[in-house]
Amino acid sequence: MKIIMLGAPGAGKGTQAKMLAKEYGIPHISTGDIFRANIKNGTQLGMEAKKYMDQGLLVPDELTVKILLDRVAQEDCKNGYVLDGFPRTIPQAEVLDQALNNLGDQIDYAIDVDVPDENIINRMSGRRACLSCGATYHVVHIPPKAEGVCDTCGQALVLRDDDKPETVKSRLEVYHKQTQPLIEFYSKKGVLRSVDGTVDMQDVFAAIKAILS
Ligand code: AP5
Ligand code: MG
């Protein structure tokens, strides 16, 4: 099963994508996590991506597309994957579409996790992320067992650099301008499904599973 998670920054794409990956035994692929891992390791790609990410802007398609296509060509993606944060522009979606077409394949579902802008800023300021394993928490809604420590790998949790309120505002603007048009793109292909992302994360998950089953 090949699934794309759509939605504004902070809508819960990552939270749901991780749960889906576990449920269906397929890899969770987040371009944001790939960039953050590169930033943490000080790679050339990481340094380049950080310039854009810190301003809430998209990393250019030239850098993003190749990474994603290389990743989905790996052996563990044979039976499908959940994409989280890719595609984010129409050109990215077209490249993915073409690459799948060449294999006689296509996306099964694009799931839009719908959350109004008003809810987003509050969610982001409470988010804590583990830059080692990619786990995310929320200080109120989904707290870790021990404050500031990742349940999964024991590393320190941080507030992401791009989760400051000013940057979140720019990310939302970029989302509406560059990423939201994908809703129509996938709707025209007949694979778009929408879920209400404002309810409890387990209820969001149940709604997505009902679509996929
Ligand atoms: P990326 O890492 O993809 O960030 P994003 O899209 O801005 O989304 P987030 O990860 O912030 O939110 P999310 O929807 O995953 O929400 P989460 O589950 O964490 O990208 C970061 C940057 O990298 C981009 O700005 C760009 O610069 C660059 N980039 C990445 N991909 C790119 C691409 N393809 N092209 C170009 N540039 C790219 O949830 C948010 C919070 O809410 C958490 O604290 C969570 O615990 C909580 N929460 C989740 N669900 C619920 C719920 N139902 N109720 C209450 N709280 C909830
Ligand atoms: Mg995410």
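**Ligand 1 and its surroundings**

Mentor: A backbone N or O atom of Tyr137 lies 2.9 Å from an oxygen atom of ligand 1, a polar contact in the sense used here, namely a pair of N or O atoms within 3.5 Å; within protein, one of the two must be able to donate a hydrogen and the other to accept it, and residues adjacent in sequence count only if both atoms are side-chain atoms. The model is predicted, so local features need pLDDT of at least 70 and side-chain atom pairs count only at pLDDT 80 or more, while totals for chains, interfaces and linings use all residues. Residues are numbered from 1 along each chain as its sequence is written, chains are lettered from A and ligands numbered from 1 in the order in which they are written, and side-chain values use heavy atoms, with hydrogens and water left out.

The backbone of Gly12 also takes part, with a polar atom 3.0 Å from an oxygen atom of ligand 1, and the side chain of Arg160 places an N or O atom 3.1 Å from an oxygen atom of the ligand. Of the 1,000 Å² of accessible area that ligand 1 has on its own, the protein covers 96%, areas being taken from the Shrake-Rupley method with a 1.4 Å probe and, for residues, with only the protein chains shown counting as cover. There are 35 residues around the ligand, and those that come nearest are Thr15, Leu57, Arg88, Arg127 and Arg171; a residue belongs to this shell if one of its heavy atoms lies within 4 Å. By class the shell holds 14 nonpolar, 12 polar and nine charged residues, where Ala, Val, Leu, Ile, Met, Phe, Trp, Tyr, Cys and Pro are nonpolar, Asp, Glu, Lys and Arg are charged, and the others, Gly among them, are polar.

At least two shell residues come from each of α1 (13–24), α2 (31–40), α6 (117–126) and β6 (136–138), and α2 makes the largest contribution, with four residues. These names refer to DSSP runs numbered from the N terminus, helices being H or I of at least four residues and strands E of at least two.

Buried means under 20% relative accessible area, exposed over 50%, and partly exposed in between, with a 1.4 Å probe and protein chains only.

Asp162 sits in the loop between β6 and α7 and is buried, at 10% relative accessible area. Leaving aside residues up to four places away in sequence, Asp162 touches Met53, Thr167, Val168 and Arg171, and Arg171 is one of the residues that come nearest to ligand 1. Met53, for its part, is buried in helix α3 (residues 44–53), as are Gly46 and Ala49; the buried residues of α3 fall within an arc of 70 degrees down its axis, so they line one face of the helix. Among the elements that cover them are α2 and α7.

Beyond residues up to four places away in sequence, Thr64 touches Thr31, Phe35, Val59, Phe86 and Gln92. The peptide bond from Phe86 to Pro87 is cis, with omega near -5 degrees, and Pro87 lies in the loop between β3 (81–84) and α5 (90–102). Pro87 is in turn one of the residues touched by Tyr186, which is found in helix α8 (residues 181–188) and is buried, with a relative accessible area of 1%. Tyr186 also touches Ala110, and although these two are 76 residues apart along the chain, their C-alpha atoms are separated by 6.6 Å.

Definitions and conventions. Contact = heavy atoms within 4.5 Å. Arc of directions from axis to C-beta.
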